[in-house]
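Visitor: I am new to this structure and would like to learn how to read it one feature at a time. Could you take me through it slowly?

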Amino acid sequence: MDFNYLTIIIFLPLAGAAIIALVPGLSSRLIRYVAAIFTLVPLAISLGLFAAFDRSAGAEVFQFQEKVSWIPAINANYHLGVDGLSLPLVVLMALLGFLAVLISWKINLRVREYFAWLLLLETSILGVFVSLDLLLFFIFWEIEIIPMYFLISIWGAGRKEYSAMKYVLYTLFGGALILAGILGLYFTTDPHSLSMVDIAQTDLAPLVTSIPLAAIFFLLLAGFAVKLPIIPLHTWLPDAHTDAPTAVSVILAGTLIKMGGYAIIRICVTIFPQATQDYAPLLLTLAAVNVVYGAAVTLKQTDIKRLIAYSSISHMGFVLLGIFALSKVSLVGAGLQMFSHGIITGLLFAVAGIVMHNTKERNIAKLGGLARQMPAIAVIFTIAGLGAMGVPSTSGFTAEVTIFLGAFSSNVVSGVPIFTIICLLGILLAAAYILWLLQRVFFGPALAKFNHVIDADRLEKIYCAIFIALIFLVGLYPMILTDVIKTGIAPIAALFGG
Amino acid sequence: MGLEIAFWVLAVVAIAAALAVVTLRNVFRAALSLILCFLAVAGIFVTLSADFLAAVQILIYVGAIAVLIILAIMLTREVERGSLSNKLVVPVLISAILFFGVATFAMLNTSWPVVSLPPAEPTTALLASKLFGEDGFILTVEIAAILLLATIIGAITIVREK
Amino acid sequence: MSLGLEHYLVLSAALFSIGLYGALTKRSAVVILMSIELMLNATNIALVAFSRYIVPVLLTGQVFTIFSIVVAAAEATVGLAIIMAIYRSRETIDTTKIDLMKW
Amino acid sequence: METVIPNELVWLIFLLPLLSFAVISLILRPFFSNKPRLSGYISISAIFGSFILSIWALTSILSAPSHELAIPDFNWLVIDSAITIHLGLIMDSLTAVMLIVVTLVSLMIQMYSQGYMQGDPSYHRYYAYMSLFTASMLGLVMVDNLLIMFVFWELVGLCSYLLIGFWFHRPAAANAAKKAFIVTRIGDFGFLAAILLLLSKTGTLDIAQLHSLAIAGTLAGTVLTLAAIGIFLGAVGKSAQFPLHVWLPDAMEGPTPVSALIHAATMVAAGVFLVARMFPLFEHSEVALLTVAIIGGLTAIFAATMGLVMTDIKRVLAYSTISQLGYMMLGLGVGGIAIGIFHLFNHAFFKALLFLGAGSVSHATGTFDMRQMGGLRKVMPWTYATFLIASLSIAGIWPLAGFWSKDEILLSSINNQPILFYLAMVTVFMTAFYMFRVVFLTFGGQYRGDNSGSHSARPHESPSVMIMPMVVLAVLAVGSGWLNVTGGFSQFLGGGETRGFFEGLFHGFTHTLPGLPIPLAWISLILAGLGILLAYAIYSARWLSAERITRLFAPLHMLFSRKYWFDELYEHIIARIVLLKGLFAGLKFFDSRGIDGAVNGIARTTVATGRVIRKAQTGQLQLYGMFIILGVVAIILAMYLSG
């Protein structure tokens, strides 16, 4: 396409951030409107792209490509492109970016810096989803650490410095592994290419030099596993979620985690088909552990946001199951689950943020009977909870069922049915912790100390309504997304005879 | 033959003076033995037929630096306190001896490309051409000059009364 | 046995070690300075010896020694200036007492 | 109307209540919250529309050639050739029967709840959930794809959660709702696993195709049995059969019309419907059919025993529902679709009536505890009459509906499952006893309630808006059985011979069976009569004192009243001690101490080593000098040693 949409989508928020940060004398109201505009426009463009995306069978995989030579010496070029897998995630990020601005309408502490960092964060995450050049991908991957650190440590709550530091250390540790992997890849390919598309096409097996392919595979996988997160490397998530401000934890849960899942599909699975197939059983066990372990620990949490954070670990276990079952349907399910988990957990965090903002109370034990005082919030929270549990007619259900259907009948990896059945337990535990949360926070006798509590105001109801509309849209008519995702997944599934 | 005797005498004197510098309790006597050591070193330069250097040695080391040191001793009333040594005597002694052993072992084992030509006498004219000739060390001399200027100014500012 | 290069080198090593001992053990700053001068002289001996035995015609060793002497002089002056400054401000130049730069 | 019902209208059957749900929740609740009755009218008119359409559908199916209407379908999830899931409708005889049951009972109950829910602050919310429930129940009955059925299956579970926890400010209700959802979800776990198995083995989830595969035998052996057992697990969860029955008695926390509709007539019958819908799968695997029969028979007697000792009128009815569902499962297990569904058909009417009766009694006396009732016979004649008819029908007295369907089940169970037959006979006796215990305790004797209760001074008859639906249901409780007197009903559902009306009327009494002294109908009648007599003796005529009997069978009484300690087993032992306190607490400890501990540990060790190394910097230059010299020496040595 001649007109480079993707560059605009990525760098508009950056421009917004620059304006907010540099133009002196902006009133905080004006800052909010600038931030809203500079996130709304990319959302509109990305929706336009979603509509214009060529879904027909013959269409080429990567569309809206832009390729400009960037560092010829190391053959790195500024290569952007979007396919069925990354387009929904771009739309999701643009949407959550805009809603995050709405959610943080009430922020009054150092407003200028807050929105500058928020928009920079959006740029870097969008960049990750659209870049097809490993170096560009890595740069965007690392940029998001800076805004996240400041957002958590300044506007956070609780042990915010500890969580911010922990987040940065974990992500840098992951980043180091990824960089090692990318370098390994760079030196194994003999014309030394950095473009994901070309590397995916070249058969790497004969080119093995010093570093064996499996080592590079595991380096990259471990790096992305920190972000996904996979169990042993996950302890940054609950801390970062609990102590981040609401809007940031919405983005964190909504899209930041998806970068890990997306990268595993885009880089690990596509470039190392043989290694993926060999080590799939190992990763399926990790997925099962992720699901059951995550859900089990969720049941024991006492802080609302921490409970939701742990539940997203369990949900990302489903994504892992979907990816490493290596059948077309389960991969499409994984893509769908990433999108659906983004909106559902985004809504859960937004509403949890409102509840905590209004009642000034985070501990579930001290809350109770809020449905009487905050009816609108109770309804929204229940709908979000239903989505998280995977009750039909919500996107949670369609995503999880697609993964299960695909995984159970995948003949690529042996022993998948057992893992799927274990992951089915995840849904059971999900019902338990969501309902228990709803009961302890909303049902039961109304507590006197919350009588003065105000319900959601008009703005909060608007963005919650957007979330709910999306949850039911994808829940009732999943084809709107699966048609796009399957065009991206088809070539990948073909690698495994899917 | 006389050269050898001279070398040995001067070497013994130098070593003795050096030991004196290090061991004498009275700092002033140490300074005097230091001067003696400088003179011995000048002598050794003569045995190495570096006559200009011997002169320079005497002029600068004995003439200037030794005087300076004695001045410092006087100004800081070092004499009463005497030269005491800190807790590290034993370990430093060991490491110094070790160093001496290793250095001599290394030196003796390397085969120096010794040339049996007789040294050029007298050295002053040669040195002058070397220092100030076209392809000589003229640049280094200029830099040395600047260094000395900086030293003087530095010393003055450090010592100046606030 | 005739005078060889090794004699001078051993001598300079000896002088250097003695100077080293003095520099590292003495508590009085001035004595340390004197020991440093000793070490410098030791090196000068070695330099001149090399120049005499290895490149008798070129005299590079001796040029080097000249500059070494220049530096030694500069070092002595600055050293003593510092000692005077310390003495004036802290009434003592005992190295064990001048140890601000520590944990 | 001979014209066949057009396709769009068939879709409308379940879309009408869905529409009413949307209208109520999106328009009425936020904007017209001051006019409560509006939502009642909308919901009732919607369900009435569906009822009319279902009748039309029934007539067109009756006239259709193979009792089958073909409805075009839409595809819901198609990922090119890998998986295709269509959303379509099956309109066969089973659907027609279920449509009638659901729409009729729901209509009656929604009318009844206009009176019962009078003055409740969240009136709109009640009718919103009711119409959503009816819509998803109808959807469940009509849909032709197993996965879409699972969608409606879970939606029905969701509605039951919302309605049980309707008065969410009462902790007991909130708890019961959570328990209901989680226990049914355990059943759904099995159902979903079966769906996955079927899809992976047969590649399709279309019910008609699955039937043909099962009949043709391509789908057989352990795969078929596993799938059937999985589906049955789902049914066990939803119909509160033996292992997963604990949630139904607690579900009585919800409003009584809810209990009547969901936990008596429709939702709990969904499990039986599911087994009936997938009957060809069960038919071709003996193991599955046997488990259905055994679980059914066992639950029947198991629940009946608990029903004997309950003091809360709704709890008794709840256990009786579980017991009757066990009967239906037994009927399916031994007799086939016709017999199981016929009992479901009858049971829906008289059990709904019993619950509505209990509702109107509690509406009058303000309590559900039978010990504070009594003597309501004189004050509430209509309720008493309808309640009595329903009790007679459930006990299985001759002309009423209960007799015909229960008799069929006993008949078919005698030849292939003799043990279950004897268990069923004992249950007949128990059912009659506990039903008439309720009748005599509530309606017989003097009024034992204390009048100081918040309710008006004397218990009074319920308003006509509640009585009228009960009367209609009473008529159905009597008449619904006669449909099968000529064998027409079971013939309509496929199978079974037809016979003349009068000949059928007395068929049971004349037709003796091998191994039985007198015809089966007589035996069951006598047993039922004995049950009623015993109840009369203890609770009305006081010939035997209830206290002495309870002391006589003290251990048994304790066992039944503590509900075989299942609640304690599930909630305290499994849920709290084994899982929450044990496994999950361990995992949380491992997570917060183990992994987090390791991470923080690394941080702490680095700080500690830093503190140690720092001591080396003494600030004394000479020490550093010495280290330098030692370093030089070491290097020179190393060079020489390494050659």
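Predicted model: local features only at pLDDT ≥ 70, side-chain atom pairs only at ≥ 80, totals over all residues.

Visitor: What share of the residues in chain A is buried?

Guide: Burial is judged by counting neighbours, and a residue is called buried if 20 or more other C-beta atoms lie within 10 Å of its own. By that count, buried residues make up 61% of the 498 residues in chain A.

Visitor: Which peptide bond in chain A is cis?

Guide: The angle to look at is omega, and the bond that joins A:L228 and A:P229 is a cis peptide bond, with omega of about -10°. A:P229 itself is placed in the loop between α9 (213-227) and α10 (236-243) of chain A.

Visitor: How does chain B read, and which pattern does it follow along the sequence?

Guide: The secondary structure of chain B comes to 7 helices and 0 strands, and along the sequence chain B follows the pattern α-α-α-α-α-α-α. Its radius of gyration is 20 Å, whereas a compact globule of 162 residues would have one near 15 Å. Of the 162 residues of chain B, 30% count as buried, and among contacts in chain B between residues at least 6 apart in sequence, 55% join residues at least 24 apart.

Visitor: What domains does the assignment give for chain B?

Guide: The domain assignment of chain B gives domain 1, covering 1-82, and domain 2, covering 123-162. Taken over C-alpha atoms, the centres of domain 1 of chain B and domain 2 of chain B are separated by 23 Å.

Visitor: Which residues have a positive phi although they are not glycines?

Guide: Two cases can be set side by side. B:S49 has a positive phi of about 50° without being a glycine, and it lies in the loop between α2 and α3 of chain B. With 18 other C-beta atoms within 10 Å, B:S49 is partly exposed. C:L59, also not a glycine, has a positive phi of about 55°, and its place is in the loop between α2 (29-53) and α3 (60-90) of chain C. C:L59 is buried, with 24 other C-beta atoms within 10 Å.

Visitor: How do I read the meeting of two chains, and which chains share the most contacts?

Guide: Count the residues on each side, then ask where they come from and of what class they are. Of the 4 pairs of chains in contact, chains B and C share the most contacts. Here 74 residues of chain B are in contact with 61 residues of chain C. The largest share of the side of chain B that touches chain C, 11 residues, comes from α5(B). By class, that side of chain B has 60 nonpolar, 10 polar and 4 charged residues.

Visitor: How many residues of chain D are in contact with chain A?

Guide: For this pair, 37 residues of chain D are in contact with 40 residues of chain A. The elements of chain D that give two or more residues to the side touching chain A are β2 (74-79), α5 (146-164), α6 (171-202) and α27 (566-614), and α6(D) gives the largest share, 13 residues. By class, this side of chain D has 27 nonpolar, 3 polar and 7 charged residues.

Definitions and conventions
Residues numbered from 1 in each chain as written. Chains lettered and ligands numbered in written order. Contact = placed C-beta atoms within 7 Å. Helix = DSSP H or I, 4+ residues; strand = E, 2+ residues; numbered from the N terminus. Nonpolar A, V, L, I, M, F, W, Y, C, P; charged D, E, K, R; others polar. Buried ≥ 20, exposed ≤ 12 C-beta atoms within 10 Å, placed from the backbone. Domains from an automatic or database assignment. Rg over C-alpha atoms; globule rule 2.2 N^0.38 Å.
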